[in-house]
Amino acid sequence: MGIRITGIGSYAPDRILTNQDLEKMVETSDDWITTRTGIKERRIAKDDETTSDMGTNAARKAMEMAGVAPDEIDLIVFATITADTRLPSAACHTQRKLNIRSSAACFDFQAACSGTVYGIEIVTAMMKCSRSYKKAILIGCERLSSVTDWTDRNSCVLFGDGAASFVFEKTKEPGDTLLSSIIKADGAESEILCIPGGGTQTPITPENYDKKLQFLKMEGNKVFKLAVNAMVNTSNEAIDLARLKSSDINWLIPHQANMRIINAIGTRLGISNDRVITNLSKYGNTSAASIGIALDEAVRSGKVKKGDLLLLTAFGGGMTWGSSILRW
Ligand code: UT7
């Protein structure tokens, strides 16, 4: 028996917000954003477009690639920090929109930007341990525009909206898509990347709303330093665990947050730029969706081929991070 990823899909809203647009909104420049981050533009959801709308669009494409019908899906796992509602989950909203049968298990989890790396391990482990799940959907999707302070130049230039989805199937033949996975977290550093308000700790009162505690806050510099070391370390661990060398990896697909971070990881792992997949310039940082959107584009363009060895790595709020090796 094996657990294989048989389909992938992604979705990004039509509305494009360019660096030039941002120059009119806050004191910034295309030159600053491009040289410090590598981002040129990002997508922004329509006002009435919810997280599960975007996730549903991505999942439809993944199911189409896999040739799987809605009534075959028995598990939906949804990684997001920007669910449509606090209750029910974005997974349940998606189940309804996809007409997936009522016996499917559906839940959200959040590991911020590490959502896809966490989710691939979660879904693979659940399918291995339980007879209940034969076909599953993982969705990583964010509507970060709804938690962005559009007057804060430190953060508003970085983020975008989007979704990605994977279909997992239990196969008779042995061999999993996931060869190894390392996921980690350190709650001690949580305040350097967080949304302080809106939960039970700091509910949104008129006073907290005026203090803008409902928006995402990041101490970028501190996150930057931790991110490089963490992703390099777990990547080396995942490579060792799969009994591989970094020279065996066909493609590095890192979380798309900052080109300087991506270049530093590639250099430290000895993976040259021509083996690194990036699309940060078009979408910005889409958190839990970023790796899936990049991988989907690489698969559909023919860059990533069946049998290729992939290294995924991510770092995000929590702090959470991790790396996984996939045989595509
Ligand atoms: O996805 C989860 C993980 N997140 C990440 O991995 C993000 C990690 N961090 C980063 O990508 C980078 O730290 C940033 C892109 C966020 C910032 O780049 P930086 O090189 O670390 O810049 P900085 O925060 O040290 O700021 C340098 C200067 C400051 O001015 P002073 O104090 O030196 O005068 C900022 O006020 O740049 C200023 N600045 C800007 N200037 C123009 C900050 N944002 C902007 C802006 N436009 N948008």
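Visitor: How far is an oxygen atom of the ligand from an N or O atom in the side chain of Asn258?
Guide: A polar contact here is a pair of N or O atoms within 3.5 Å. For Asn258, the distance to a ligand oxygen is 2.7 Å. The side chain of Asn221 has an N or O atom 2.6 Å from a ligand oxygen, and for Trp32 the value is 3.3 Å. Taken alone, the ligand exposes 950 Å², and the protein buries 75% of that (Shrake-Rupley method, 1.4 Å probe).

Before we go on, this is a predicted model: local features need pLDDT of at least 70 and side-chain atom pairs pLDDT 80 or more, while totals for chains, interfaces and linings use all residues. Residues are numbered from 1 along each chain as its sequence is written, and side-chain values use heavy atoms, without hydrogens and water.

Visitor: Which residues come nearest to the ligand?
Guide: Being near means having a heavy atom within 4 Å. Of the 24 residues around the ligand, Thr28, Asn221, His255, Asn258 and Asn285 come nearest. By class, this shell holds 11 nonpolar, nine polar and four charged residues, where Asp, Glu, Lys and Arg count as charged, Ala, Val, Leu, Ile, Met, Phe, Trp, Tyr, Cys and Pro as nonpolar, and the others, Gly among them, as polar.

Visitor: Which helix gives the most to the shell?
Guide: Helices are DSSP runs (H or I, at least four residues), as are strands (E, at least two), numbered from the N terminus. H8 gives the most, with four residues; its range is 220–241.

Visitor: Why does the ligand lie between domain 1 and domain 2?
Guide: Domain bounds come from an automatic or database assignment. Domain 1 (2–171) and domain 2 (178–327) both give residues to the shell, so the ligand lies between them.

How values were computed
A polar contact is a pair of N or O atoms within 3.5 Å; within protein, one must be able to donate a hydrogen and the other to accept it, and residues adjacent in sequence count only if both atoms are side-chain atoms.
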